[in-house]
Amino acid sequence: QVQLVESGGGLVQAGGSLRLSCAASGSIFSINVMGWYLRAPGKQRELVARITSGGSTNYADSVKGRFTISRDNAKNTAYLQMNSLKPEDTGVYYCRQQSMGYDYWGQGTQVTVSS
């Protein structure tokens with residue numbers, strides 16, 4: 001079992017910044033991919049950004065240049081630095097960790113961007 005706990009969500013004005021954290025614990029396989037997904041109101045959950053244990057990243061087009069994903073392998077923690085936030089970034093952000101034989105999700109953290 002792997003447990004993922006997100007933190008750092010909240011309410012922010014458009015143009016502001018937030019930093020999300022996702023701490024993983026349990027039976028973690030060292031080679032894994034961690035990602036952040038957004039479920040916006042009325043929409044399906046979609047990929048925002050993901051990062052491999054080797055540091056390779058990819059981003060949704062909508063967040064390129066504004067969001068940065070990073071990780072600290074020693075702490076089993078992934079981060080999402082979100083800058084220049086827009087109202088359309090509002091929703092629940094979920095952390096996900098995938099590796100050989102497992103696929104886990106966190107409970108999510110709410111981000112609300114006011115205009």
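Modeller: Let's start with a term: a residue is buried under 20% relative accessible area, exposed over 50% and partly exposed in between, using a 1.4 Å probe and protein chains only. This is a predicted model, where local features need pLDDT of at least 70, side-chain atom pairs count only at pLDDT 80 or more, and totals for chains, interfaces and linings use all residues. Residues are numbered from 1 along each chain as its sequence is written, and side-chain values use heavy atoms, leaving out hydrogens and water.

Now the pairs. Side chains of opposite charge can pair when their charged atoms come close. A salt bridge here means a side-chain nitrogen of Lys or Arg within 4 Å of a carboxyl oxygen of Asp or Glu, and that rule gives three of them.

Take Arg96 and Asp103, with their closest N and O atoms 2.6 Å apart. Arg96 is buried, at 16% relative accessible area, while Asp103 counts as partly exposed because its value is 37%.

Next, Asp89 bridges to Arg66 at 2.8 Å between the closest N and O atoms. Asp89 sits in the loop between strand 8 and strand 9, and Arg66 in the loop between strand 6 (57-59) and strand 7, so the pair ties together parts 23 residues apart in sequence; strands are DSSP runs of E, at least two residues, numbered from the N terminus. Asp89 is buried at 5%, and Arg66 is buried at 10%. Asp89 also touches Phe67, contact meaning heavy atoms within 4.5 Å.

Finally, Lys64 meets Asp61 at 3.0 Å, N to O, and both of these residues are exposed.

Terms used. Helices (H or I, at least four residues) and strands (E, at least two) are DSSP runs, numbered from the N terminus. Lists of a residue's contacts leave out its neighbours within four places in sequence.
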